[in-house]
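Me: I would like a close look at a single part of this model, with the terms spelled out as they come up.

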Amino acid sequence: MNQIVEKIFRETDQFIALHPPKTDQLLAGALGLGLYYSQLYEHYENEEYLDKSIRIVDDVFARLDLGATGLVGSSFSSGVAGLAYLTNFLAVKGLLEIDIEADFETLEEYLYNSAMNEIELDYVDYLHGAMGCIHYFTTRKYSARGRYYLNGLVDKLLTKVVEEENGTWFRSHLLKSTEKEEVNLGLAHGQCSMLIILMNAYDALDNKKEVRRIIRKGIEFILVQKRDMNGRENAYNIFPFHVNKQTPNAPIPNRLGWCYGDLNEVLLFYKAAKLLQWDELRKLADLVGMQTLMRKDQQATLVKDTHFCHGSSGVAQIYRTLYEESGLSAYLKGYEYWIEQTVLMLENELKTDYYRGKEADLLEGLSGVSLTLLSFISPKPLKWSEMFLL
């Protein structure tokens, strides 16, 4: 299997090399390619890959200094938080010579102030709002400045929590939930990512007792939304993607992916069960997680291509993480199954030029797929998927 994956990986890498990115962004541009080449360097130990990664970061900074950047605002997906994340990722590994403490003072102040303003306006989305900045600061939580900014942002976030009898949730301007009582529960844009990021920040926070309460109450809110699976009606998800109080019983699509669906909640439950010492939550994670493994065809998963966001490679990588979180060998088998499916689909996608224009994109293009395959063949613990909270 490894030889087959290695072969398709090399073909994919050639496609990526021939199609440079069109923007500077992390999830759909040059910064994502910088992350990609850093992981190739760690696997192959070929200095050419490291040179490419460092050159990309230097070029993005140069364009930023000139005011000609392709970055948009402070967001993680397309803005300065993504640049800061990749730079610190490389620096921590000793791959890039930079003094983050000295050189990032102005940049981190900008991220902090932007995120504070976004929280006030309920722009709390992980990929596009304040939680993306908080995600970056969790990687800096052992520095005095990083810890200070984390505490300030989390304290501000807690003032915006919506408290209800059945739990807590966060408004999101992305969903206009200030006008509609709508709550996103997913990893890409909703409650799942917000709670995981709070858990990643937890050991650096001063207000641990209150944060712990909010995490638990946030999970209780999700648990209340639990539904029974109905195989006879081809309805397989147990948790909805979002909750709209005007239509509380709306059908749930069968999406199985990194972005939305039951795999998100299973990941959250495993992480929270450890932090909160909540045995029943872990048992529920086992139950729901095992159920997802029975879903393999397109009708039961809506997986029809290989990209990371809601394609087969994202499903594969999240099963790998669930195995690492739980130790359950069934998840490892699920990981191997979805790697195999990724290879089979990717062979056709490369022939048909399926990813034309998105070759270098991490989230919806070839580089995210390629990184998933690289992690499968590499004996080294590559850490790129931590940016996706995995």
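Which residue caps the N-terminal end of α3, and what can be said about the rest of that helix?

Reply: This is a predicted model, in which local features need pLDDT of at least 70 and side-chain atom pairs count only at pLDDT 80 or more, while totals for chains, interfaces and linings use all residues. Residues are numbered from 1 along each chain as its sequence is written, and side-chain values use heavy atoms, with hydrogens and water left out.

The cap is N46, which places a side-chain oxygen 2.9 Å from the backbone nitrogen of E48. Helices here are DSSP runs of H or I with at least four residues, numbered from the N terminus.

Taking buried as under 20% relative accessible area and exposed as over 50%, with a 1.4 Å probe and protein chains only, the buried residues of α3 are Y49, L50, S53, I56, V57, V60 and F61. In general, an α-helix has 3.6 residues a turn, so residues three or four places apart point the same way.

The buried residues of α3 pack against α1 (2-18), α2 (30-44), α4 (80-92) and α6 (105-120), where contact means heavy atoms within 4.5 Å. On the face turned away from that buried side, α3 carries the exposed residues D65 and L66, and just after the helix G67 takes a positive phi of about 75 degrees.

Technical notes. Helix = DSSP H or I, 4+ residues; strand = E, 2+ residues; numbered from the N terminus. Polar contact = N/O pair within 3.5 Å; in protein donor to acceptor, adjacent residues only side chain to side chain.
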